[in-house]
Structures are given as C-alpha cells and as structure tokens.
Amino acid sequence: MAEVFPRLLPPLWVTIKVSFISLFLAFIIGLFFGSLNCISSKFNPINIITRFYVWIVLCTPIIIQIYAAYLLLPKVGIKLDVFWVGVIALTFNSAGYQIEISRASISSIDKGQYEASKTLGMNIFSSMIYIILPQAIKRMLPATANEASHLIKASSILSVIALLELHKAAINLQGNSFKFIELLVLQAMIYLPIVLCTSYIANILQKRNQSKSTKIDLIK
Amino acid sequence: MKTISLIIALLFSGSVFAGALDDVKSAGKFVFGLEVGYKPFEYMDDSGKLVGYDIDVSKEIGRRLGVEAVHQDTNWSTVIQTMYDGGFDLILGGMTATEKRFQKVNFSIPYMNAASGIIVMKDSGISDRSDLDGKKVSAGAGTPQLDQLKMSADELNISYDGDTKSYDSDAVAYEAMRSKRIDAYASTMVSLLEFAKTDDNFTVLSFASDKWSQEWTSMAFTKEDDDLRMAFDDAIRAMKSDGTLAKIQENWFGQSFVDALPDTSPTW
C-alpha cells in the first residue's frame, strides 16, 4: 500500500488548497456580516438576510449544499471548474459558521470598550475597526482553527462531484486494485496528522487567550 | 404566413442541429463524461494514468473525426444532468442503454455488450437468480441492474431480505460482500468478471431474463445533438467493419463482441 502513497500527494494538495481557500473566504465573509449584525439594530434587512442564511446553512446537510452548488450553478449560467465549485460549496457552508463565530466573539467584548471609544470621539465604524475587532479576532481564532479541521474533513465529501481530492483519489485507486479497507486506513492515516495539527493550533490559541484574560483579571 | 414561419423555424432548428458537430470540429476536441473506477472501461492504472476500453474507443473516434478526445470525470448518478448543463458533449462511460435513460438522451449504435451479471461468494450456494430468494441483494446506484433485481423478483415470485441496497462504488459492494453484509451484487458481466479475476472466492452468474431486453453499451448524447451522434455512429460503424473495435475489445475483454452488436441505435 505504501507504494501508492506518492500518488495521493497531489490530491492531498488539492484537499489542503480547497479547505484553506474556503476557510479564508468564509472568515472574511463571516467577519463582515458578523460585525454588521452587531452594529445594526435588531430589525433591519441585513440582519434578517444573514439570520436566514445562517439558518439555511446550519439546518441542511453539507452534501446537499455541495450537490446544490454543482447542479444549480450551471442553471443560472455559472460554469466553473469543479475545484471552484468545491470552494463555493465549502465557503457557503463555512461562512454560516463563521458568521456565528464572529457574532459571538464581537458581542462577548465588554460594553465598556464601546463606551470608552465613544468617549474618545470615535464613531461606531472606527471603534469597530480599531478597538473591537482586534480583540474579537483574537477570540475568534480558536474557533476558526476548529473550523479548519472541520473543512479538511468535510472536503472529502467533494468526492461526490468528482473533484480529485484525497478521498476521490483513493476511490479511484480502489477501482483498480479493489483494496478497499487498505486504502481506507491509508486515507485516515493521511487525514489524521493534518487535522491533528489544526486542532493543536486551536488548542494553543485557546490557552493563549485564557492566560491573557487571567493576566488582565490579576491587573484588575 | 404559416409556411414562411415554418420554413424559418426549420432553418433555425437546422442550424441548431448543425451546431454540436461544428462546435466540436472548431474546438478541435470533444469532451466526454465518465466516472473513473469502472474497470475495465475506465480506471487509473498503476502509474496513475486513466486507461480502459472507453478511453481507447474515444481516442480512436477522435482520430477518425480529426479531433482530440478529452475525458471529464463526474458523478455517475447525475451524469445526464451534468451533460445538459454543459459539462461535456457526450457520455462515453460504459453506459447501458435503457428505456428510462432514453427519455432524456439519444444513444449511439452499441459499441459493447452490456449483459448483466450477478456476483456471489462461491460458498453462498447461489447458482441461479431464483436462488436469491430471501437473500440480501444490491446493485450500483443509478444502474439498470437495480430495476432488474426488482423485475426478477416479481417474475420469479421471490422476495429478497430487506430492501435492495445501492452502492456508489463497486469496490465498496465487494467489500460489503466479503463482510457478509450482502449476498449478491448485480452489475454488468464484464466489470464483475474483471473483479472475480482478482479474488478466487467470488463467482459470476448470468443475470438474464425475457423481462428486460438484451442490453447494450452505447454513448449518450443530448436530444438536440443528433448531428454529433450520427458522426459518432459513422465512426463506430467504420471501426466495426475494419476490425479496429474487435481489436480494442480483445485487448480489454479477452474476446470480441462485435459480431453480436446490432447496427441500429437502441430506441424505445
């Protein structure tokens, strides 16, 4: 089995690319709509649309979102390479979670911070950009690293739209050798260390956040 | 007035029909859809190259039309939808011509025999499709064998153990049979024989009945692209008469099926 390992490396690179491009895009989208959600008053169109979007993403299985991207986009005249269909599907999914992550992080920032920046003569946008977001992003990072683990694993489902990522490459190898179980173990052995790394990073970020907040508590 | 509009409509539709072949010729290539992992029709060989009967046939047709043959891997259960969405010009992926599929696509003249078979473990005691009574049966997702299992049960008045399971990949089905989750798996004869070669514990039985017609492997085209289909039909006919198709079949299946292939495309 070890001799097929080199053939899984280019697909592994596809897995990593599709996961991290989606993570990056979802992070930006999440940050933008998450902060809009926190700034604006409860009932406005942006809030309602965002809530609806998050609701769709969180309440439907990812495999359906992937099929939808693959089959519905051509219907509206968007014909993309299957890699970018994968990016869109994963971004669509992950942005739903990222909006929730950034909304939670931003609203966890102490109200006093807003008041202090208001006292300094900042309007809501500059206080958001210079005061609130730098703190909120730090709090978002552990959850975002978790999201990276989730995306790397979820990218295997992109095999259903024939994107040649790690899992699909292994399926193709099975079609020739019929060695199903061996390839299953081999795939797991490749996914495992990568996801382990991202979880480890999430852990470190989590701990760093905690130790910092205790320091602040001590100063208080 | 009516005649004029009819003529205009005919002219217009004529130009649409002429489109697909011209498009292929001007692009210098045709793109065909398939799903990798259907040995010996299309699979990755040990060096990671896509090879198989379909690949050789497509190259030969490309050579005859003077264009390049480009394959596009896709999901088999949505393959027709993806062709209509513009993913590829035709399906050339070991597709069995069936009445259900014919409602959506037009078929080329057959280029391979697609007789169904059942694979079972040698020690299962199953030697005929009537032995499937009370057994766990399965077939590939979106394949005609799924329907045939049902027809077979109705015809022989037998019932299977539980629902007929459908698998996305043949390799998973074989593994499921090794672990006794299923007793029998129906697919095309040639692909089952290919697997049985690698494992002595399996044996392949014929799965034929008057309830379903003799089956053929054809290429599938959209209903609009009939000019492209006819160009492919001509190429297949030429390959049949000059022995090229027989040679490719002997290379991949160990024998030639050309003499039994009908010369007209399957319709219903």
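**Interface and local geometry of chains A and B**

User: In this predicted model, the side chain of B:S191 comes within 3.0 Å of the backbone oxygen of B:T188. Is B:S191 buried or exposed, and what is its relative accessibility?

Analyst: B:S191 belongs to helix 7 of chain B, residues 189–196. Beyond its neighbours within four places in sequence, B:S191 is in contact with B:Y38, B:K39, B:P40, B:D170 and B:Y174. Buried means under 20% relative accessible area, and B:S191 therefore counts as buried, with a relative accessibility of 1%.

User: How many residues of chain B are in contact with chain A, and what area is buried between the two chains?

Analyst: On one side, 17 residues of chain A take part, in contact with 28 residues of chain B. Carbon and sulfur atoms give 54% of the buried area, which is about 1,900 Å².

User: Which residues of chain A lose the most area to chain B?

Analyst: Three residues together account for 33% of what the side of chain A buries. One of them, A:F178, is found in the loop between helix 7 and helix 8 of chain A. The three are A:R7, A:N176 and A:F178.

User: What is the phi of A:F178?

Analyst: A:F178 is buried, with a relative accessible area of 6%. Most residues other than glycine have a negative phi. A:F178 has a positive value, near 60°.

User: How many salt bridges cross the interface of chain A and chain B, and which element gives the largest share of the side of chain A that touches chain B?

Analyst: The interface holds 2 salt bridges, and A:K168 and B:D73 meet in a salt bridge at 3.6 Å, N to O. The count of residue pairs in polar contact between the chains is 10. Two or more residues on the side of chain A come from each of helix 3 (62–72), helix 7 (166–177) and helix 8 (180–219) of chain A. The largest share, 5 residues, comes from helix 7 of chain A.

User: Which parts of chain B cover the buried residues of helix 5 of chain B?

Analyst: Helix 5 of chain B runs over residues 144–156 and reaches 18 Å from its first C-alpha to its last, close to the 18 Å expected. Its buried residues are B:P144, B:Q145, B:Q148, B:L149, B:S152 and B:A153. What covers them includes helix 4 (99–102), strand 8 (116–121), strand 9 (137–140) and strand 11 (184–188) of chain B.

User: Why does the salt bridge of B:K136 and B:D161 tie together separate parts of chain B, and how many residues apart are they?

Analyst: The side chains of B:K136 and B:D161 meet at 3.9 Å, N to O. B:K136 lies in the loop between strand 8 and strand 9 of chain B, and B:D161 in the loop between helix 5 and strand 10 (165–167) of chain B, so the bridge ties together parts whose separation in sequence is 25 residues.

User: In the salt bridge of B:D263 and B:K240, what is the distance between the closest N and O atoms?

Analyst: The pair links distant parts of the chain: B:D263 is in the segment after helix 9 (244–253) of chain B, and B:K240 is in helix 8 of chain B. B:D263 is partly exposed, with a relative accessible area of 45%, whereas B:K240 counts as buried at 14%. The closest N and O atoms are separated by 3.2 Å.

User: How far apart in space are B:F221 and B:F88, C-alpha to C-alpha?

Analyst: B:F221 is in strand 14 of chain B, residues 220–222, and counts as buried at 0% relative accessibility. Its contacts outside four places in sequence include B:M83, B:D89, B:L90 and B:F232. B:F221 and B:F88 are 133 residues apart in sequence, and the C-alpha distance is 9.7 Å.

Terms used
Residues numbered from 1 in each chain as written. Chains lettered and ligands numbered in written order. Predicted model: local features only at pLDDT ≥ 70, side-chain atom pairs only at ≥ 80, totals over all residues. Heavy atoms only, no water. Contact = heavy atoms within 4.5 Å. Buried area = accessible area lost by both parts, 1.4 Å probe. Salt bridge = Lys/Arg side-chain N within 4 Å of Asp/Glu carboxyl O. Polar contact = N/O pair within 3.5 Å; in protein donor to acceptor, adjacent residues only side chain to side chain. Helix = DSSP H or I, 4+ residues; strand = E, 2+ residues; numbered from the N terminus. Expected span 1.5 Å × (residues − 1). Buried < 20%, exposed > 50% of the residue type's maximum accessible area, 1.4 Å probe, protein only.
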